[in-house]
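Me: I would like to learn how to read a model like this one, feature by feature. Could you walk me through it?

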Amino acid sequence: MKTITTTTDLAAFCESAKGQPYVTVDTEFLRERTYYSKLCLVQLALPGTDDSNAVLVDPLADGLSLEPLLDLFRDTSIIKVFHAARQDLEIFYVDHGVIPDPMFDTQVAAMVCGFGEQAGYETLVKRIAKQGVDKSSRFTDWTRRPLSDAQKTYALADVTHLRQIYEYLAAQLEKSGRHRWVEEEIKLLTNPETYITRPPEAWKRIKTRSTAPRFLAIVRELATFREIYAQERNIPRSRVYKDDALVELASTKPQSFEDLGRSRLLLREARKGEIADGILAAVKRGVDCPKENLPEVDLSHEKMQVNPALADLLRVLLKAKTESSGVASKLIAPAADLDAIAAGLRDVPALTGWRREVFGEDALRLCEGRIALAAKGKNVEVIEI
C-alpha cells in the first residue's frame, strides 16, 4: 500500500483521478486534546477492485501541501464519496475553507435505501461487500509515526470497501428515483453554516433547568468566554470548565476569587489566572446586562398543546411509512416533529421536501380526519374516509 508524503506524489495521484466518476475519501484525526480536529491521515481510492489505485496521504509529512487534494475537491466533474461525512467535511472547511463538491454520503444513502437507523460502515461492508472489518486500530494514536501496518490496513479498508458500497447504493437510488432525497440531505452537510461555531451562540447548547432571562444572560456570557478561550488556545472547551460547572457558576454568581474557591465543580486550574479573571468578568457582564439585551428563550414548543392520542396515531403512521418505504424513521421525522404536528404546528421539517411525499401528506390528512389507520395482520394500512 502506498503512503504519499510529498506534494509531487499527491499531485500525481490527483491528476490520475481526472476523468474518473468518483473518488472515495476518509480521514483519521485526533480531537481529544484540541478544540479543532487535528488531521492525521487522508485515505483515497479510485474505482476498481484492488488496492493498486488506493493511497494513504500523510498530512503530517514535512513539506507536504494538500493543495492538489483541495483542487480535486473543487473539481465538480468528480463525485467525492464519504461515509458519515460531517466530521471529515468540518476538518477541510475549518482548515482550508473548502467543502468537496459534489459529494455523496453513503450513510445518508443507506438510511434512504432500507438499511435502517444505524447504517454504520461496518454493517454496510458486511451486508454489501460481504467482507469483515478489523476495528482493532480504531482508537490508536494517529499522530505517531511511523504508522504500523495494522493501522495502514485498517485505514485503507475505509475507502476500498466504500467503492462497492457507493456503487451499490447509487444503483439502488437510480432504480427507486430517490436521488433527490439524498441530495436534499447532503445540502445540509455542504452548507458552510453547519461548521461555523459562533461564541455568542454557544449558550444555546447548554442544558439548564431555569429559563430566567438574567440567569441565561450569565450562562451566555460564561459560554461565550469559554468558547473564545478554547478556540484561541485550541483546547477542548471541557478543559476550561465543563457544562455542569458553567451552570453552577451562573447560579452562584461568584464575585471574587474566594467565591470561585468554594465552587464544587470548577477545575482547580480555573480558579486562578486568566480563566478565573474571565469567569468573574463574564458573570459581571451577565448580572449587569440591560433588560433589553437579555436572551429570550423560544418556549413555543414547551407550551404546545399536544394531542397525545393524535401523537400516538402519528407514530403508528410513521412506523407504517418506514416499513413501506424502507427509509429510517429518524430520517423522516424525529419525535419532536410528531409532537409539533399533533399540536397543530405546520412549520416542521417532516412536512417539507421529500419527507412530505413519504410521510407529511398523510400525516396532515390524518390530522384532518380524512384518513384512518387499520391493522391488517402485522401491517398497518391507510384507509380513506
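Me: Which residues touch the most other members in the largest nonpolar core?

Reply: First, a word on the source: this is a predicted model, where local features need pLDDT of at least 70, side-chain atom pairs count only at pLDDT 80 or more, and totals for chains, interfaces and linings use all residues. Residues are numbered from 1 along each chain as its sequence is written, and side-chain values use heavy atoms, with hydrogens and water left out. A nonpolar core is a set of buried Ala, Val, Leu, Ile, Met, Phe, Trp, Tyr and Cys residues joined through side-chain atoms within 4.5 Å. Buried means under 20% relative accessible area, exposed over 50%, and partly exposed in between, with a 1.4 Å probe and protein chains only. Here the largest core has 81 residues, and Leu44, Val57, Leu69, Leu314 and Phe359 touch the most other members. At least three residues of this core come from each of domain 1 (2–195) and domain 3 (301–384). A second, separate core has 29 residues, including Trp203, Leu222, Leu246 and Val283.

Me: What are the domains of the protein chain?

Reply: Domain bounds come from an automatic or database domain assignment. For this chain the assignment gives domain 1 (2–195), domain 2 (199–293) and domain 3 (301–384). Between the C-alpha centres of domain 2 and domain 3 there are 41 Å.

Me: Which residues is phenylalanine 359 in contact with, leaving aside its neighbours within four places in sequence?

Reply: Contact means heavy atoms within 4.5 Å. With those neighbours set aside, phenylalanine 359 contacts Leu314, Leu317, Leu318, Lys321, Ile332, Ala333, Leu338, Ile341 and Ala350.

Me: At what angle do helix α13 and helix α15 pack?

Reply: Helices (H or I, at least four residues) and strands (E, at least two) are DSSP runs, numbered from the N terminus. Axes are lines fitted to C-alpha atoms, for helices over the stretch in contact, and angles run from 0 to 180 degrees between N-to-C directions. Helix α13 (residues 308–325) packs on helix α15 (residues 335–342) at about 130 degrees, and their axes are 9 Å apart. That is why α13 counts as oblique to α15: angles under 35 degrees are roughly parallel, over 145 roughly antiparallel, 65 to 115 roughly perpendicular, and the rest oblique. On the α13 side, Leu310, Ala311, Leu314, Arg315 and Leu318 meet Ala335, Leu338, Asp339, Ile341 and Ala342 of α15.

Me: Is lysine 130 buried or exposed?

Reply: Lysine 130 counts as exposed because its relative accessibility is 62%. Lysine 253 has a positive phi too, near 50 degrees, but at 37% relative accessibility lysine 253 counts as partly exposed.
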